[in-house]
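Dear colleague,

I am passing on the structure below, followed by some notes on what was found in it. Please read them alongside the coordinates.

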Number of protein chains: 2
Amino acid sequence: MTNEDAQAERELCGLVNGLARQIGDHVRERAATLGLTAPQATALRELTGPMTMGELAERMSCEPSNATFVADKLEKQGLLERRPHPTDRRARQLVLTGDGRELRERLLRLLSQDSPLAGLTQREQSALHDLLDRAVTRRPG
Amino acid sequence: MTNEDAQAERELCGLVNGLARQIGDHVRERAATLGLTAPQATALRELTGPMTMGELAERMSCEPSNATFVADKLEKQGLLERRPHPTDRRARQLVLTGDGRELRERLLRLLSQDSPLAGLTQREQSALHDLLDRAVTRRPG
DNA sequence: GCATAGAATTTCAAGCTCAAAATATGCTGG
DNA sequence: CCAGCATATTTTGAGCTTGAAATTCTATGC
């Protein structure tokens, strides 16, 4: 790999991080209006249905121990419950409460407004999705 | 915006965050072999020359107060110096020491190996760069 | 059966990050 | 000039994140 290639790659990483940052800022700002922190909102957003701690961590792109931390916060706010997993006694099943489901709906509506990706056309978003998917999945790690 | 569009957008955000996470993991892993944490390595990588705290924060996509924190760490390790800015007495100029420049070179070599973006061809990386650039800059924030 | 390896979650310590307030300096209109 | 607002950095407190160790349970091989 040439020196220029390496530099271009670093620049690309910077762009990815920059966009991720913008997305995070957007979530943080909207979450604040509901009394949630950004990670709490991310967890709520990802809880599309009952799932285990591991699944939540995976969807949040974080360590399981961090998912525990965030789930604790949501549980203390009465937004979710930890139930025994139906078939695996090692695992827990996370289930939103009525309050949790309601707040999640409000959150989703807020998040869909003024998205950081609004600058891209549908076609561009589709192309970006394709490229990112390839970058992410073509990597063992 | 339709419901499906919003869902597609959330998925896209997830991909961006997932890739950012992979990049971060890669940096962390390589940085550890040099006795650096991930943010310290990121700062070292971005210090392409003398710059102010604000510039560093901008390049690291973080808050200025966080740049202060990281710069403190690097300074304690003797990798950089804070000098008075030549023309603005409010600002500081960050300058790598000899050790800092040397470690930076080693870091750059490590980071260019097994990049998380290696799964993409040159053409794909170029297309990705283009799309991300558009997404990031087409947004006032 | 039972030992052993593996998996899901939690706990804990260390370090990172943000936001707000404090400090110091620069700039500009009256 | 200089008052007032803007900018650059630091400090501080609260909350987030990671990685390693501990706990509990599952699955496999003998």
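A nonpolar core is here a set of buried Ala, Val, Leu, Ile, Met, Phe, Trp, Tyr and Cys residues joined through C-beta atoms within 7 Å, and a residue is buried if 20 or more other C-beta atoms, placed from the backbone, lie within 10 Å of its own. The largest such core has 66 residues, and those with the most contacts inside it are A:V16, A:L44, B:V16 and B:L44.

This is a predicted model, in which local features need pLDDT of at least 70 and side-chain atom pairs count only at pLDDT 80 or more, whereas totals for chains, interfaces and linings use all residues. Residues are numbered from 1 along each chain as its sequence is written, and chains are lettered from A and ligands numbered from 1 in the order in which they are written.

The contact between the chains, counting residues whose C-beta atoms, placed from the backbone, lie within 7 Å, takes 39 residues from chain A and 39 residues from chain B. On the side of chain A that touches chain B, α1(A) gives the most, with 16 residues. One residue that reaches across is B:V16, which touches A:V16, A:L19, A:A20, A:I23 and A:L132, leaving aside residues up to four places away in sequence.

With best wishes

Note on methods
Two residues are in contact if their C-beta atoms, placed from the backbone, lie within 7 Å. Helices (H or I, at least four residues) and strands (E, at least two) are DSSP runs, numbered from the N terminus. A residue is buried if 20 or more other C-beta atoms lie within 10 Å of its own, exposed if 12 or fewer, and partly exposed in between; C-beta atoms are placed from the backbone.
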